[in-house]
Amino acid sequence: MMQALTAADNMFADGREDAQSAVMVISDGKWTNAYRTGMKATAMKDKGIQIFMAPIWRIADHTTDQLKVLRGWASQPWETNYERIPGLDTLINNEPEFAQRLLVKFCPRAFSPSQREEEEEQEGYLLIHEEGYPSAECGVDTFVGRVDSPDACMEAVKEKGLLAFSYYTGSRGGPSCYASTFEVTADVWAAAMSERANVTCGSGRWINDLYSSTYIMNPSMFGDIFEDVS
């Protein structure tokens, strides 16, 4: 187990600096050296690496102390970073259920791309850029007001007759909503749905901001509304 943690730690050296490093330990065996394994787990957590523990373990009175050790190696709070699988037979017979349980518990931001696309089509807006907003060359932002969600921001910006907005969460006064003149056409929407990771900022650029996210609205859904506004 210590060697597995070491191998994972080495792989993180080639990872993205802006991404959260995490390792999930799934094991039906016992560690070889508790001290060395614990020291390695502690060193990784000190570096900000998230450790999820998923032991495959049929519980018995004489093994509860061993499970406490495994819980201690998981990141804190261990309640959200630890999940016991009650035996190999149980796992084999219920593999999809346990896979879903671990995914939801350890990776709450994971999602089904096809399901999310359908939801975004119904919502009428989608996220095209995280941690940034458009420069003035491709979209001028105008403060709309304090809102508590991207949904509320979308509704406020929709009344302005614009199809793009930035949602800012770094203000002490609460999250802020900005309407943007970022040009959104049917082609831009279609491209964003299929290649949102590569959405360009027109003739300008994206300005990095940890607390900002940029969204666009579906022009085919709100076209009639905006014609009335204009």
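**Strand pairing**

Modeller: We begin with a bridge between two strands: the bridge partner of proline 134 in S7 is tryptophan 206. Please keep in mind that this is a predicted model.

Biologist: Which strands does that bridge belong to, and in what sense do they pair?

Modeller: Strand S3 (residues 125-134) and strand S7 (residues 206-217) pair in the antiparallel sense, over eight bridges.

Biologist: How many bridges join strand S5 to S7?

Modeller: Five bridges join strand S5 (residues 164-168) to S7, and these strands run antiparallel. Within this pairing, tyrosine 168 has serine 212 of S7 as its bridge partner. As a general idea, side chains in a regular strand alternate between the two faces of the sheet.

Biologist: Where does glycine 204 lie?

Modeller: Glycine 204 is placed in the loop between helix H8 (186-195) and S7. Its C-alpha atom is separated by 4.7 Å from that of glutamate 137, although the two residues are 67 apart along the chain. Leaving aside residues up to four places away in sequence, glycine 204 touches Ser135, Glu137 and Cys138.

Biologist: Why is glycine 204 classed as partly exposed?

Modeller: Buried means under 20% relative accessible area and exposed means over 50%, with partly exposed in between. Glycine 204 has a relative accessible area of 28%, so it is partly exposed.

Biologist: Is asparagine 81 buried or exposed?

Modeller: Asparagine 81 is buried, because its relative accessible area is 2%, and the limit for this class is under 20%. Asparagine 81 is found in the loop between helix H3 (64-73) and helix H4 (88-93).

Biologist: What does the side chain of asparagine 81 reach?

Modeller: The side chain of asparagine 81 reaches the backbone oxygen of serine 75 at 3.0 Å. A polar contact of 3.5 Å also joins the side chains of asparagine 81 and threonine 80. Beyond four places away in sequence, the residues that asparagine 81 touches include Gln50, Phe52, Met53 and Phe106.

Biologist: How many cavities of 30 Å³ or more does the structure hold?

Modeller: The structure holds one cavity of 30 Å³ or more. The largest cavity has a volume of about 40 Å³.

Biologist: Which residues line the largest cavity?

Modeller: Among them are Met1, Val25, Met53, Trp57 and Leu70. Strand S1 (22-27) and strand S2 (50-55) each supply at least two residues of this lining. By class, the lining residues divide into eight nonpolar, two polar and no charged.

Conventions. Residues numbered from 1 in each chain as written. Predicted model: local features only at pLDDT ≥ 70, side-chain atom pairs only at ≥ 80, totals over all residues. Heavy atoms only, no water. Helix = DSSP H or I, 4+ residues; strand = E, 2+ residues; numbered from the N terminus. Buried < 20%, exposed > 50% of the residue type's maximum accessible area, 1.4 Å probe, protein only. Polar contact = N/O pair within 3.5 Å; in protein donor to acceptor, adjacent residues only side chain to side chain. Contact = heavy atoms within 4.5 Å. 1 Å grid on protein atoms, 1.4 Å probe; cavity = no way out; pocket = protein on both sides within 12 Å on 5 of 7 lines; lining within 4 Å. Points joined across faces, edges and corners; volume = space filled by probe spheres on them. Nonpolar A, V, L, I, M, F, W, Y, C, P; charged D, E, K, R; others polar. Pairing = 2+ DSSP bridges.
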